[in-house]
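Biologist: Can you put the model up and take me through it? I'd like to start with the contacts and then go wherever that leads.

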Amino acid sequence: MKDQILPSKSIQMCIQCGTCGANCPAGFELYEVMNTLRAMAKEEGYTSNETKIPKMNKIFLGEVRNIGRMHEVGLMVKNMLSQGELVRDVAALIPIGPPMFLKGIMGIGDILPRKIHGQAAVAKIFDNVQKMQGGQA
């Protein structure tokens with residue numbers, strides 16, 4: 001079973017946001033399991049050729065650091081730009097985007113990011129974590 005799980009790109013997809021634990025009635029923190037599996041995969045020499053997932057994770061964390069929360073539209077646009085297939089990706093959204101506005105799932109206010117009130121505190125957390133990991137803030 002380990003040989004099926006450790007090379008899987010599924011364990012690379014977790015961005016450690018904690019949403020799984022927040023929504024799980026049992027409080028199960030799946031992201032901690034994913035962290036452990038990534039560490040095990042690295043220890044055992046499994047490497048990932050996946051480039052899209054780490055880019056998406058970096059963009060997601062940048063959004064949270066810069067505005068204090070995830071901004072779905074910004075995440076999507078920045079991810080499309082980073083993958084180098086903007087025209088294809090935008091074309092794929094044409095049938096999806098307008099119905100989301102018409103059904104009230106998204107509104108004009110969702111297009112531009114809004115910083116949360118405590119954004120500076122969130123950025124400070126990121127800086128502190130980076131320092132703890134030996135990097136410059």
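Modeller: Here it is, and note that this is a predicted model. Among contacts between residues at least 6 apart in sequence, 56% join residues at least 24 apart.

Biologist: What box do the C-alpha atoms fill, and what share of the residues is buried?

Modeller: Along the principal axes, the C-alpha atoms fill a box of roughly 50 × 35 × 35 Å. Of the 137 residues, 23% count as buried.

Biologist: On to charges. How many salt bridges turn up in the whole structure?

Modeller: A search of the whole structure gives three. One of them pairs Glu44 with Lys2, with 3.0 Å between the closest N and O atoms. That pair links distant parts of the chain, 42 residues apart: Lys2 is in helix 1 (residues 2–5), and Glu44 is in the loop between helix 4 (30–43) and helix 5 (52–67).

Biologist: What does Lys78 pair with?

Modeller: Lys78 forms a salt bridge with Glu63, and the closest N and O atoms are 2.5 Å apart. Lys78 sits in helix 6 (residues 72–83) and Glu63 in helix 5, 15 residues apart, and the pair links distant parts of the chain.

Biologist: Which residue does Arg65 bridge to?

Modeller: Arg65 forms a salt bridge with Asp127, the closest N and O atoms being 2.2 Å apart. Arg65 lies in helix 5 and Asp127 in helix 9 (residues 119–132), so the bridge ties together parts 62 residues apart in sequence. Arg65 is partly exposed, with a relative accessible area of 26%.

Biologist: Back to helix 5 and helix 6. At what angle do they pack, and how far apart are the axes?

Modeller: The angle is about 145°, and the axes are 10 Å apart. Helix 5 passes helix 6 in a right-handed crossing.

Biologist: Which residues make the contact?

Modeller: From helix 5, Lys52, Lys55, Met56, Ile59, Phe60 and Glu63 take part, and from helix 6, Gly74, Leu75, Lys78, Asn79, Ser82 and Gln83. By type, the residues of this contact divide into four nonpolar, four polar and four charged. The salt-bridge partners Glu63 and Lys78 are among the contact residues.

Biologist: Tell me about Gln83. Is it buried or exposed, and what is it in contact with?

Modeller: Gln83 is in helix 6 and counts as buried at 17% relative accessibility. Leaving aside neighbours within four places in sequence, Gln83 is in contact with Lys52 and Lys55. Those two lysines belong to helix 5's side of the contact.

Biologist: Different topic. Which residues make up the largest nonpolar core?

Modeller: It has six residues in all: Leu6, Ile11, Cys14, Met34, Leu37 and Ala41. Helix 4 gives the most to this core, with three residues.

Biologist: What does Leu6 touch?

Modeller: Not counting residues up to four places away in sequence, Leu6 touches Ile11, Leu37, Met40, Ala41, Glu44 and Tyr46. Glu44 is also the residue that forms a salt bridge with Lys2.

Biologist: Which residues does the second core include?

Modeller: The second core is separate and has five residues, including Phe60, Val64, Leu75 and Val122. Phe60 and Leu75 are also part of the contact of helix 5 with helix 6.

Biologist: How far is Asn35 from Gln16, and Glu32 from Glu85?

Modeller: The C-alpha atoms of Asn35 and Gln16 are separated by 8.1 Å, at 19 residues apart along the chain. For Glu32 and Glu85, 53 residues apart along the chain, the C-alpha separation is 32 Å.

Notes:
Residues are numbered from 1 along each chain as its sequence is written. This is a predicted model: local features need pLDDT of at least 70, side-chain atom pairs count only at pLDDT 80 or more; totals for chains, interfaces and linings use all residues. Side-chain values use heavy atoms; hydrogens and water are left out. A salt bridge is a side-chain nitrogen of Lys or Arg within 4 Å of a carboxyl oxygen of Asp or Glu. Helices (H or I, at least four residues) and strands (E, at least two) are DSSP runs, numbered from the N terminus. Buried means under 20% relative accessible area, exposed over 50%, partly exposed in between (1.4 Å probe, protein chains only). Axes are lines fitted to C-alpha atoms, for helices over the stretch in contact, and angles run from 0 to 180 degrees between N-to-C directions. A crossing is left-handed if the near helix is turned anticlockwise from the far one by less than a right angle, and right-handed if clockwise. Contact means heavy atoms within 4.5 Å. Ala, Val, Leu, Ile, Met, Phe, Trp, Tyr, Cys and Pro count as nonpolar, Asp, Glu, Lys and Arg as charged, and the others, Gly among them, as polar. A nonpolar core is a set of buried Ala, Val, Leu, Ile, Met, Phe, Trp, Tyr and Cys residues joined through side-chain atoms within 4.5 Å.
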